[in-house]
Amino acid sequence: MKPVSIKLDQVSLVHANGQRAVNNISCEIGSGERVAIIGPSGAGKTTLLRVLATALRPSSGEIRILGKDPWRVSRTALRELRCRIGMVHQAPPIPPRQRVVTAVLAGRLGHWPLWKGLASLAYPVDIAGARRMLARMEIADKLFERCDRLSGGQMQRVGVARILYQQPDLLLTDEPVSAVDPALSDRVIGELNREASERGVTLVASLHAVDLALHWFPRIIGIRNGEIAFDLPPVRVTDAMLKDLYASESTVPTQGNEPLAMQPAGVRRKPLCS
Amino acid sequence: MRSEEAAVQVRDPAAVPRLMLSIAIIILLWPGFRLTEFDLGVLFDPRNREIMGKFIATFFPPEASADFLRLILKATLETLAIATAGMTLALLIAFPLALVVTRSLSISRIGPARGFAAGRFLRLPARFILMFFRSIPEIVWALLFVRAVGLGPAAGVLAIAVTYGGMLGKVYSEILESGDTRPTLALLEAGSGRLAAFCYGMWPVALPELVSYTVYRWECAVRASVIMGFVGAGGLGQLMELSMRMLNGGEVSAILLTFFLLVMLADAISAMLRKATA
Amino acid sequence: MRRIHWFILAALVAAIWASFAYLSLDLALLWTAESRSQMGRYIVSFFPPDVSGEYLVRIGHGTLETIAISAIGTALAAVLGLVLALPASGRFGAAPRAVTRLVLNFLRSIPELVWAALMVMAAGLGPFAGTLALALHTAGVIGRLFAETLENAPTEPAQALRLSGCRPALAFLYGTMPNVVPQLVAYSLYRWEINIRMAAILGVVGAGGLGQMLYFSLSLFQQQQALTVIIAMLLLVVIVDGASAWLRQRLVD
């Protein structure tokens, strides 16, 4: 039997203002699976990802990440668990004045001993490593640039490079390419998928562009009003389901807002490792 | 991995500038430690520690005998009186000088008239006097006046008068110039004198700001008059200097508490005054 | 004018009259022929300033000492302020926050000159006392500001690092510090500028620098040397003002 990476059992999360962002979600994601989460804005995708990243504690329900309940373990164990989880934010929370190289190296701070983290402040300890990850995002030339000199899309790619450098066992990405142009988005999502399948780790990505999700991921979870609307492989996600999922929005969002040619998914599929 | 990237060895371009900056800071600060005779050991020198220890141990409880409280009350009133009297004299110095240096009140500005050259020649020394008065810190003035008129509050009053006269004069003229000058100009062009132009054209516009700044300065003057006591210019500071010299911690802490209360009181009074005139 | 204005005006006049009466200040007494000539003699005795080479060398040393007092004092204050600002920003809970805020307020509300007088007792006459005095007072001022800066800094970067298993100390250094360092540096430099002026006069209670030279020369009735010191103080302040204005202009552009 394949080991389970994420297990949610009737998990709900109620915000302080009473809003129910995640409502009674149960699901299991196996180790090495690659899952895309889609749904209209405000559906609870980000909250769900933050629950998985152990940033938010569910109000009720059982949660197990990489075999552990993050809220029932010691602080040391929680820190060790968090070392194995990496999250890419839509707007990467990187101090604007930090240099790209530092921001990328910060990904592995959890694995480093204290002295190494301190030494890296004086002189970046692994410039080559940071550069390699940035090259995969095609921004190796920005290595020593300050982050506030980058565009939104470049920042997002720095965020992805940081998580690639972290090498976590669970990759969580929250709309990682919302500001990246379509052709590049495809490559970034491709790199994330390649990383996950090469190292055999789990990838959970929330995506705004439905075509990207259907194209790259073998499992699609549709979320609406904090609940799972469907949980299917892309070939079985139908036009009607998507229309239904995005009923609150005028169109089904795709890259560059091109009208989505709704064929059963997988048509545009390319080999994973080019 | 793409091979060409792994081959490139990159060095941090910021390393050298950073290193240089660090070295420069160390080179600049190092003689500073020598010049300031920096030696934390002095603080732990047994004899010093004993004296200081005894002194600080007596800080609590603050001295509260009726005699001493009467002394404190007297000194506090003296401090307030020094500040108030000093500010009054400062106003007397500042106002005429501010009127002289304020350019928008200049009659000669609107056209070549009688006194064009005289006006310019008067403004320059007035400006210089203001600058000279305010550039020397009040405590230095106090030191000088203590030698000129003797120990006691008179030196403090004069020191505040001179320093704050210089500050007020400069700021007054700035406030007057930054306000709406059109009414003044209209009056001047209609042939009115400087003083009349000031009273009817400028005064109403600038008054709230002038008052607010003066009140703020009075607050500073209260604090300054405490400090100036240390060089013998009367008030709470002089009392504290005396208590310190006698190593009487209880008195020092009582005076410090009074000082805090006084500063808070001055703060409250000035806030009230500003609100009432705003 | 409203009634309250008349009331305030009356109170003001009364306060001013009471002040002069309480101090038994008689300004007319300062203006008698005798005191005027005395004052005139006093002023004349300051001229000409002592510009002998030997004394100028001592002035130069005093100026350097003043700058050193301010620089070291401010540097110590920045370090101490940052150390105190960490708990004062609520990073370690509410109780340490309240306690350190109290400490910072205490340090701040005692004026530099009072600190200097206290430090002269603790460390003896000389520049070291002045350095400590500036460091203590400025630490209170800077610490409070640092604490506010830290409290207002965005928490997301450090939070994100902690969520990837980073130690809190490193998360602070990598996530929070880059956001606050520019402000900390700018404010420390600004305080340094203020402290140069303060260091010049702290000496009047024996804490080294130009102030101490002024105090000595006035005590020894060497007014000509005193005038030289005053001129040196003025020059120092003018130069610092000019330099900081120039630097600010450059940094803003």
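Predicted model: local features only at pLDDT ≥ 70, side-chain atom pairs only at ≥ 80, totals over all residues.
The secondary structure of chain B consists of 11 helices and 0 strands. Along the sequence, the elements of chain B are arranged as α-α-α-α-α-α-α-α-α-α-α. Of the 278 residues in chain B, 40% are buried. Where contacts in chain B link residues at least 6 apart in sequence, 75% of them join residues at least 24 apart.

Two packed helices are described by the angle between their axes and the distance between the axes. In chain C, the axes of helix 4 (residues 53-88) and helix 9 (residues 168-202) come within 8 Å and cross at roughly 140 degrees. Since angles over 145 degrees count as roughly antiparallel, helix 4 of chain C and helix 9 of chain C are therefore oblique to each other. The crossing of helix 4 of chain C with helix 9 of chain C is right-handed. On the side of helix 4 of chain C, the contact residues include Thr66(C), Ile67(C), Ser70(C), Gly73(C) and Ala78(C). Helix 9 of chain C contributes, among them, Ser188(C), Arg191(C), Trp192(C), Asn195(C) and Ile196(C). The residues of this contact between helix 4 and helix 9 of chain C comprise 8 nonpolar, 6 polar and 1 charged.

Helix 9 of chain C also takes part in the contact with chain A. There, 16 residues of chain C are in contact with 24 residues of chain A. On the chain C side, helix 8 (156-163) and helix 9 each supply at least two residues, and helix 9 of chain C gives the most, with 7 residues. The side of chain C that touches chain A is made up of 10 nonpolar, 4 polar and 2 charged residues.

Methods:
Residues numbered from 1 in each chain as written. Chains lettered and ligands numbered in written order. Axes fitted to C-alpha atoms, helices over the stretch in contact; angles between N-to-C directions. Helix = DSSP H or I, 4+ residues; strand = E, 2+ residues; numbered from the N terminus. Parallel < 35°, antiparallel > 145°, perpendicular 65-115°, else oblique. Left-handed = near helix turned anticlockwise from the far one by under 90°. Contact = placed C-beta atoms within 7 Å. Nonpolar A, V, L, I, M, F, W, Y, C, P; charged D, E, K, R; others polar. Buried ≥ 20, exposed ≤ 12 C-beta atoms within 10 Å, placed from the backbone.
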